[in-house]
Amino acid sequence: MTDIAILERQILDAVTAAGDEAALDAVRVSALGKKGTVSELLKSLGAMTPDERKANGPAFNSLRDRVVAAVAARKTALEDAALDARLVSEKVDVTLPVRPEPQGSIHPVSQVLEEVIAIFADLGFSVAEGPDVEYDDYNFTRLNIPPDHPARQMHDTFYVAKQADGSRHVLRTHTSPVQVRTMLKQKPPIRIISPGRTYRVDSDATHSPMFHQFEGLVIDEVTHLGHLKWTLEEFCKAFFEVDAVEMRARPSFFPFTEPSVEWDLRCDRSGGQIKFGTGHDWLELAGSGMVNPRVLENCGIDPARYQGYAFGGGIDRLAMLKYGIPDIRSFFESDLRWLRHYGFAALDIPTLDGGLSR
Amino acid sequence: MKFSLSWLKDHLETDAAAATIADKLTAIGLEVESVEDAGARLKEFVVGYVVLAEKHPNADRLRRCLVDIGKGEPIQVVCGAPNARTGMKGVFARAGVVIPVSGEVLKVGTIRGVESHGMLCSGRELMLSDDHDGIIELPEDAEVGEPAAHALGLNDAVIDVAITPNRGDCTSVWGIARDLAAAGLGKLKTPSVEPVAGRYPCPKTITLEFPPEAISACLMFAGRLVRGVKNGPSPQWVQDRLKAIGLRPISALVDVTNLISYDRGRPLHVFDADKLKGNMKARLARDGEQLLALDGRTYTLDSEMCVIADEAAAHSIAGVMGGEDTGCTAATVNVFIESALFDAVRTAATGRKLQLMSDARYRFERGVDPQFVVPGLELATRLILDWCGGEPSEIVVAGGVPDRRRAIAFSPETVRRLGGLDVPDPEIIRILTKLGFAVSGEAPHQVTAPSWRSDIDGPADLVEEVVRIYGLEHVPSVPMTRPNAIARPVLTPAQKRTRLVRRALAVRGFNETISFSFIPRATAALFGGGDEARQLENPIAADLDALRPSLLPSLLAAAAKNQARGFADQMLFETGAAFQSGMPGAQQTAAAGLRLGNGVRSWTKATHPADVFDAKADMLALLEAAMGAPMTAPIKAGAPAWYHPGRSGTLALGKTVLAVFGEIHPKVLAHFDMKGPAAAFEVVLEAIPESKSKGKSAFSPSPYQAVERDFAFVVDAKVTADEVVRAVKSAERALIEAVSVFDLYEGKGVPEGRKSLAVSVRLQPREGTLTDAEIEAAAQKIVSAAAKATGAVLRS
């Protein structure tokens, strides 16, 4: 074995033996540093004759290259080992829960209202709104319910205290005053739905002193009961997300419509769930009718020329039916458990293209 | 309105079954609420003959009975009824039959050692009456083993119909039969009323004594005396008929009025003439006048109410209920019959005020047939003469029948135009005629409504008559046109904003609530409300009496309840109206959100108690969602009194307050009996400015390196962060892209009364890379601008 071979063996052994980066660096300095063994060898080339240099140069240089490579390789190995060790030490219990993030929710009434609007918007109905406190005139008189008329008693009206100017107003008992307001300021053709809070002095499992209604109003020169029937059928199919529904019409009485019709929906309530289009039960869906000519007159629309329909239903009630919520009073109790149970995720936005519900 | 099938058949020739009739009634607008068919309900119960009834061997008050039911051996039962005796006939239920009152299946039992295989039933057990003192005794001729319902005379269906306020005519079996006949379910055969000739002048006069403005209270009052009557029970068929629809037979004279009320929709009253003093009058009551009514209660009347009186006192609340003192009894010999026309509105108002419902009011408030005042009186006379004998006087009448009938020009085309239904003209005429309308002339016809249809106003009403009788089920479904081939957006900017706000808050973790618009007055007062103008006159509950001035109290009340249920951490929000007064339109659409609690506990320590900066962040996020851009308007310290005075803020645009936020005042938390910390925001959604620009500007990033420099300023403790940031920004508007506060320190190393505020400034050149000298120059400007505006000095 030559001296070079022995030297190489010694250095490479030392590289291999180096247990950490400091030891490796010491080996590197001892071999490749200014006064390192390999450096000394390379320096010695300068004192040699050209022939000697030619004979030893390649060997010395290649020794240096091999030592450099060995040191680098060892360095990488040591770094990898150190990283591995660090990563092992950084192990956590991934079964621990994540940082708390509150889960928000949308109230079923808001959700169902958006569903209803999505459907009617497609038919060109815009959304009209009005105040909760209403003029008696708009809530009753212009709707053909004159003062002291017994029909007012169908409404169980909340009255607001007398105002400074001596006037006295009501909490609207339906959203029909929004129809009045719309007709007073807009010329036919009219297609609106008017959703919102409504109030009646009544409270049990199916009645709440505050509830939500939506009403539809169409005024033009041609719309008749057949269009009303079609509209409600199409609405029910879209809203309940079924292919077919069967509706039953019953003549009824509302002072603001003539003829007046109530609509029931065929359903099956056996087995605790509601199925539509089948079964032997009838579910009250909506009150409706052709707008009474007196109402049109009262709202400045010529009944000889214009006609149309109006209907009304409960948003809370639709929510109860579609999402199986039993008690209307629970809607307004703000019980966190209820809100989380029946509420909708923020990104559950009802659309006609994606479907109204998940 | 209840009636039995057999009663209906007095007026309608029909073979239709009860179920068919019920379906048709609902289909023509007389909504059936129930069909009670006692025969069907009690079909398991049979007539039993008590072969033997003897004392129970082991019990003094019980009897051991053997009951023959017409087949097999007599059945042994133990019976506790005092009237159980050998030889009687009763209603028998075998073991296995469901007993109506309990809904339970009757079981074979052993009572004190004696087996019982069935039961002899009381009226109460069968839900036929309240009688539970003894078992039902059937007539001797009842056939053993036959259905008991037959022996009880209950083989008659009873139909209950909800009558809408416009159909006074259908508060009678007659009117219902007329509608059914028109709808093709039989032939109307109501007997006509024959006048009864009076044998002597009526000794009492009748006057209508009303001031001119109240003349409508009673337009007509007819009466007559029948003397020498013998009042006793009415005939059995009458009693059965009344009982079948839930009325209690009283005496022949009273039953006459009830029968005619239901049969013809004509309320009547009978006075014991010997208890009346002098002549009769209809007049307004005097304020405070009292009357003991037939229901045994004393009513205090007022001058808005109409009464029937004699010369001494009021004896009947007109159209509602008669008085006890002048009512007919078994001793009545001379009877005065009243048949009058009372105003619907006044009668309804009186009944409401007195909280008194009666069969008479039910009819008057829906409107009775003005033409039937005298016929009703004649009919009553005839029945009284038939049942009680006596001698009738001539009829006296005050006032007269108002004839408001007028012809309506009616084109059959209107049915198609409004109803969407093609009904042949002859059919239209047939329907209207059957309903009692007079139809004359070629189309357009002249149509006159019958006297009993005061609800008919114009052609639309006639369309309703035709459509409901012809059948709503024939109305075809007709598609509406689409105003645009592809639907256009319909929401207003405000409606869209409210939706965005809701979704944005839900994304942040808020649960949406909807609560009543009314809250307790004392609570409202804490939030700037509670004044008289926002009070409800008739709240549903004493503590739901004030229109809410803000949504926040509702959220706090809800959170307090949830907290009591063990939910320490909550995030609730609501959008809705906050009321400024009790005037229409004096309301603002607002959004409010509340965070409560110390933060959900976590091993990560990632949460913190709800504070003003949470509320501020929520509020800003809401505004950004609504506007589509960050809200940059300045925020001022302080908010309304329900917030922590030092930890709350207000965002206003000019004089318009857009939002307030902060930690909830501890006294307010105490009012709701809840624990904090709690932080909330309120935003007036309709005050949010509409974004003016649509779309975004062109994307033009600077190609040059941005530079961040930090500055630690020491300022007076009163100087706000906003003041420092604005000062820094103003130093180099073109160059400074962003300024952020990254540290705030008060305490050791910073002089008393001062604080250290560290900001990071990002410089973004657009014309070339910044040189060291340029950066230094900018830094100098920043420091001097901060010093000039806020007295800031660089922290050494």
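Analyst: A helix here is a DSSP run of H or I at least four residues long, and helices are numbered from the N terminus. With that in hand, we can walk through this predicted model.

User: Happy to start there. What happens to the backbone just after H2(B)?

Analyst: B:Gly29, just after that helix, takes a positive phi of about 100°.

User: And how do I read the helix itself? Which residues of helix H2 of chain B are buried?

Analyst: The general idea first: an α-helix has 3.6 residues a turn, so residues three or four places apart point the same way. In H2(B), which spans residues 18-27, the buried ones are B:Ala18, B:Ile21, B:Ala22, B:Leu25, B:Thr26 and B:Ala27.

User: What do the buried residues of H2(B) pack against?

Analyst: Elements from both chains. Chain A supplies strand E6 (247-254). From chain B come helix H1 (5-11), strand E3 (31-37), strand E13 (157-162) and helix H5 (173-182).

User: Now the cores. How many residues does the largest nonpolar core have, and which have the most contacts inside it?

Analyst: In soluble globular proteins, nonpolar side chains tend to be buried together. The largest nonpolar core in this model has 246 residues, and B:Val335, B:Val466 and B:Ala680 have the most contacts inside it. Helix H10 of chain B (residues 373-388) gives the most to this core, with 8 residues. Apart from this core lies another, of 33 residues, including B:Val46, B:Tyr49, B:Val67 and B:Cys121.

User: Which residues does B:Val466 touch, leaving out those up to four places away in sequence?

Analyst: On that count, B:Val466 touches B:Val415, B:Val423, B:Ile428, B:Ile431 and B:Leu432.

User: Let's turn to a strand. How many residues of strand E38 of chain B are buried?

Analyst: E38(B), residues 678-684, is mostly covered, with 6 of its 7 residues buried. Bridges then tell you about its partners. Strand E34 of chain B (587-596) runs antiparallel to E38(B), joined by 7 bridges, and B:Gly593 has B:Phe681 as its bridge partner there.

User: Finally, chain A. Is chain A a compact globule or more spread out?

Analyst: Chain A holds 11 helices and 10 strands. Its radius of gyration is 42 Å, well over the 21 Å that the globule rule gives for 358 residues, so chain A is more spread out than a compact globule. Along the principal axes, its C-alpha atoms fill a box of roughly 130 × 55 × 40 Å, and 44% of its residues count as buried.

Notes. Residues are numbered from 1 along each chain as its sequence is written. Chains are lettered from A and ligands numbered from 1 in the order in which they are written. This is a predicted model: local features need pLDDT of at least 70, side-chain atom pairs count only at pLDDT 80 or more; totals for chains, interfaces and linings use all residues. A nonpolar core is a set of buried Ala, Val, Leu, Ile, Met, Phe, Trp, Tyr and Cys residues joined through C-beta atoms within 7 Å. A residue is buried if 20 or more other C-beta atoms lie within 10 Å of its own, exposed if 12 or fewer, and partly exposed in between; C-beta atoms are placed from the backbone. Helices (H or I, at least four residues) and strands (E, at least two) are DSSP runs, numbered from the N terminus. Two residues are in contact if their C-beta atoms, placed from the backbone, lie within 7 Å. Two strands pair if DSSP finds at least two bridges between them. The radius of gyration is taken over C-alpha atoms; the globule rule is 2.2 Å times the number of residues to the power 0.38.
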